[in-house]
Amino acid sequence: MITVNDPSLKSWIDVQPNCDFPIQNLPFGIFKTQSSSPRVGIAIGDQVLDLAILNKLGFMDKLKIDNSIFTNQYLNDFIALGKSTTSSVRELISHLLNENTPDLRDNKEARAKVFQSISNVQMQLPVRVGDYTDFYSSIDHATNVGTMFRDPSNALLPNWKHLPVGYHGRASSIVISGTDIHRPKGQTKPNEHEPPVFGPCRLLDFELETAFIIGKETKLGESIGTAAAQEHIFGMVLFNDWSARDIQTWEYIPLGPFLSKNFASTVSPWVVTMDALEPFRVAGYKQDPKVLPYLEYSGDKNIDIHLDVFIQPEKGEENLVSHSNYKFMYWTMEQQLAHHTINGCNVNIGDMMASGTISGPTPDSYGSMLEISWRGTKPVKLVDGTERKFINDNDTVLVRGYCQKDGVRIGFGEAKGKIIPAIEY
Ligand code: MN
């Protein structure tokens, strides 16, 4: 067991019971304020600990980390120090914030310099994303989509249980939570017997996903085995893979999604480390048929992460539209990474690998409006009396997630995005 995950640990910083960021979490992010440039921070309670100032003041001296690692607009250089160093940083911060450690607790002057209220900081994209891959690894999601668009008796295509299906997405349009998203425009074909038309997307959807961030690179030609995969995964974020269903339906044959997916994806700002998630591991989905040897793995490789999606109309309240869980995934992150690299494809620090829409087995756990409204045939009623089949202009979609066990809540914060009208062409 990782000692800093001990549920009995308490901080001298006040942490409310429902807070995502207790001393057992300590996620990393990049923040700036009105008076400071972007830098590395750690969330604790409703505070952000400024690692650039903490290091400069000497509190991290024994780790001998150059301050340029922390006065940095991305976490990539920090992650590149390697897991033994980044885990040591988390251990040192846990010790400093522990209720019994006086060093920072009793140093009022230093405390005033190293903390910012979380409500006063502006969070940034945590990593420079070189490449982004999106998988399709939830069996309930793939079954629902196959049932709707193809054949209920053969909902899963023949390859689905033999390999984690995925496609290469686009890194340039991955944006930080809070970024407004213009409704995409494009070609759609609303009438089967008429030519395609151009205009704003009419069936705009979210996809409830998580993403893992590559923590150790490989060289071209190398492959990562399932047993070694954890060394290459730094942590996880929440991920909303915005999708234009009407554009997707017309464009995706034969090469898969293109403009229907690459206009925006929203990520949460705090990277929760795999170390912090370790206590929430659960057994993976029972895979039948047996996978090929390079995809076999041992141990509990799934994770029990509660995932919620809310729709908030402009000036309205939040409406819970989905309550899902990462543990419903059929393919594990270790298998996804093993498959991704089995051909020798190299990975780089900061690459993002998204799970694919995470649906559970029941309609209240479906991870997209496509499934929740079953292609628009079952509209969702919101508390303000309006209905949604898909996402309207000026709706905000919020994805939240957390693990909870033994009185400890390891949260991810939120990935939030508002849809604003299309820019006129
Ligand atoms: Mn997706």
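Predicted model: local features only at pLDDT ≥ 70, side-chain atom pairs only at ≥ 80, totals over all residues.
1. Residues are numbered from 1 along each chain as its sequence is written, and side-chain values use heavy atoms, with hydrogens and water left out.

2. The manganese ion is coordinated by D134 (OD), E207 (OE), E209 (OE) and D241 (OD), at 2.1 to 2.2 Å; donors are N, O and S atoms within 2.8 Å of the metal (3.2 Å for Na, K and Ca), and sites may look incomplete because water is not among the atoms. Along the chain, the donors of the manganese ion have the spacing D-x72-E-x1-E-x31-D. Strands (E, at least two residues) and helices (H or I, at least four) are DSSP runs, numbered from the N terminus.

3. The structure holds 12 aromatic pairs, where rings of Phe, Tyr and Trp (its six-membered ring) pair if their centres lie within 6.5 Å, and planes under 30 degrees apart count as stacked, over 60 as edge-to-face and the rest as tilted. One of these pairs, F70 and F78, is tilted, at 6.0 Å centre to centre with 45° between the planes. F70 has a relative accessible area of 0% and is therefore buried, and F78 is likewise buried at 0%. One aromatic cluster is formed by F28, F70, F78 and F234.

4. Five strands form an open sheet of mixed pairing, in the order 9-26-25-20-21, two strands being paired if DSSP finds at least two bridges between them. Its edge strands, each pairing on one side only, are strand 9 (181-182) and strand 21 (319-325). Strand 20 (residues 306-312) pairs with strand 21 in the antiparallel sense over six bridges, and D308 has H323 in strand 21 as its bridge partner.

5. S324 also has its place in strand 21 and is buried, because its relative accessible area is 2%. A polar atom of the S324 side chain lies 2.9 Å from the backbone oxygen of I358.

Definitions and conventions
Buried < 20%, exposed > 50% of the residue type's maximum accessible area, 1.4 Å probe, protein only. Polar contact = N/O pair within 3.5 Å; in protein donor to acceptor, adjacent residues only side chain to side chain.
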